[in-house]
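Work through the exercises below with the coordinates open. Each task is followed by a stepwise solution.

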Amino acid sequence: MAAKAVITGVADTAVGKVEGSTSLGLQAEAAAAAVADAGLSLGDIDGVLCAYSFTEPHLMLSSVVSEFLGIMPSYSIAVQAGGATACAQVMQAAALVEAGICRHVLAVCGDNRLTGMSRDKAVAALSEVGHAQFERPYGISVPSAYALVAQRYMHDYGVTLEHLAGVAVAHRKHAMRNPKAQMRQPITLEDVAKSKPISTPLRLLDCCLISDGGAAVVVSAADAARDTRKRGIEVLGTGQMNTHEHIIASPSLTDFGCKQSSAQAFRRAGVTPADIDVAEIYDSFTITLLAELESIGFFARGEAGPAILGGALDLDGRLPCNTHGGLLSYAHSGAAGGMFHVVEAVRQLRGEAEGRQVVSPELAFVHGDGGILSAHCSLVLGRN
Amino acid sequence: MSKPLPQPNVVTQRFWSSCKDGRFEFQHCKTCGHSQFPPRLTCTACHGADLDWLPSSGRGTVYSFTVVHRAPLESFKADVPYVIAIVALEEGVRAMVNLRDVDPETVGIGMPIEVFFEPTEGEYPLPQARPR
Ligand SMILES: [Zn+2]
């Protein structure tokens, strides 16, 4: 079997409200910084994997970004899997270098969703993921689709509003330790309960942010990684599962493909959920994370909520999770939102997470979810 | 800006035409017996192409629901708060509807409903549901 791919460079830009930013500019800034972090130059990049942009959409975004950067990669594609995109980019990059097709692959995302479009326009654009004939005529939005999951999940497993609020509070606690995070003022369970209702049972503080920001990683072949600057982080295992796109076609409202995608990644890495030292898991809504934690097997059904209220996701908890603050409190700028999770996992494994560092983690788990818990991609990363 | 309206295509034309006649129809696979909604070209269970259309009784229960306070489009803003539900029909298929003629505070999972057809600005009425 080929030697495992190695993440050799990571970077993210300033996040939140980045005045004057553009989608292409954020991608270029993140790309250059990730390449520099690896100790490489842009000319060393022979593969480029881009995502998508709301503010500067293009049929061939990967070519647009390469042209903007002034590079001519021998392999280039754009990946579109919603919130699973970043993990899917890393999975694809790892496959490319392990197959000997590329040596150094740049996976880059970025969008200026906060300053580049109105909040109304962002919400409307996202609602277009609903089924044109059988969902959109009913006024569906992404929060409403996740709310349908939340309501059923609460009904079946005894999850309470307080359990969901606990997820939001845990993320804010992490973000308060991260000087770059968009939202750093403390919040309480009561603040969540009193925030504006969006779509019951979800309130404003149950929902992810809308942000500007970019993020990128460099994935290198094992032999090529020897030329890079920092300790390499191995891509030990990857997995995907895709069960549906529209919530109306989901086989279940409580059991999702993250179960299979993570099982595949754990199996390929030869580890179990109990071996994981730090996790960075897609948290578009409070229910998203709670359902994923229980579907993946980090907690038994109905146990994540009480455990989180008891501090399970904190730095010294049972599963330190979303240590940068996540989509709920760090930032969420489209596909880059998922890439922030990858970047944070690498920083934790390298010991670069400063005031939010988990003590000597060896293994990290990263997970992205696209659509309405539709597309799932999981990564197990480890210290080289 | 008006609300998104059903735009029938070759796969869904039969469904929307039946709505005009006051019937909610779903697909039933003659090969394996699987029932499905929304309509597809082939059976999602056995991938066979021999599909029948069967009428639903229109009776079912609320499988999940949400009360929307933040409308995604300008055209829904006057409706808030409105209820979106996934209903499980007696025949074993699920559909999304708005629950009408109900106090949103009283909606719960398992609530018995019946489908009715609500006129739209377009040619086809929309299947909706209310408590029964
Ligand atoms: Zn069949």
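Contact means heavy atoms within 4.5 Å. The model is predicted: local features need pLDDT of at least 70, side-chain atom pairs count only at pLDDT 80 or more, and totals for chains, interfaces and linings use all residues. Residues are numbered from 1 along each chain as its sequence is written, chains are lettered from A in the order in which they are written, and side-chain values use heavy atoms, without hydrogens and water.

**Exercise 1.** Size the interface of chain B and chain A.

Step 1. Count contacts: 37 residues of chain B touch 31 residues of chain A.
Step 2. Take the buried area (accessible area, 1.4 Å probe, lost on putting two parts together, summed over both). The two chains bury about 3,000 Å², with 62% on carbon and sulfur atoms.
Step 3. B:R70, B:P72 and B:M96 give 24% of the area that chain B buries against chain A, more than any other three residues.

**Exercise 2.** Find the salt bridges across this interface.

Step 1. Apply the rule: a side-chain nitrogen of Lys or Arg within 4 Å of a carboxyl oxygen of Asp or Glu.

**Exercise 3.** Order the open sheet of chain A.

Step 1. Take strands as DSSP E runs of at least two residues, numbered from the N terminus. Pair two strands if DSSP finds at least two bridges between them.
Step 2. The 9 strands run 3-2-4-7-1-8-11-10-9, with mixed pairing.
Step 3. Strand 3 (75–78) and strand 9 (278–281) of chain A are the edges.
Step 4. Inspect one pair. Strand 1 and strand 7 of chain A are antiparallel, joined by 6 bridges. A:V10 faces A:V217 in strand 7.

Methods. Helix = DSSP H or I, 4+ residues; strand = E, 2+ residues; numbered from the N terminus.
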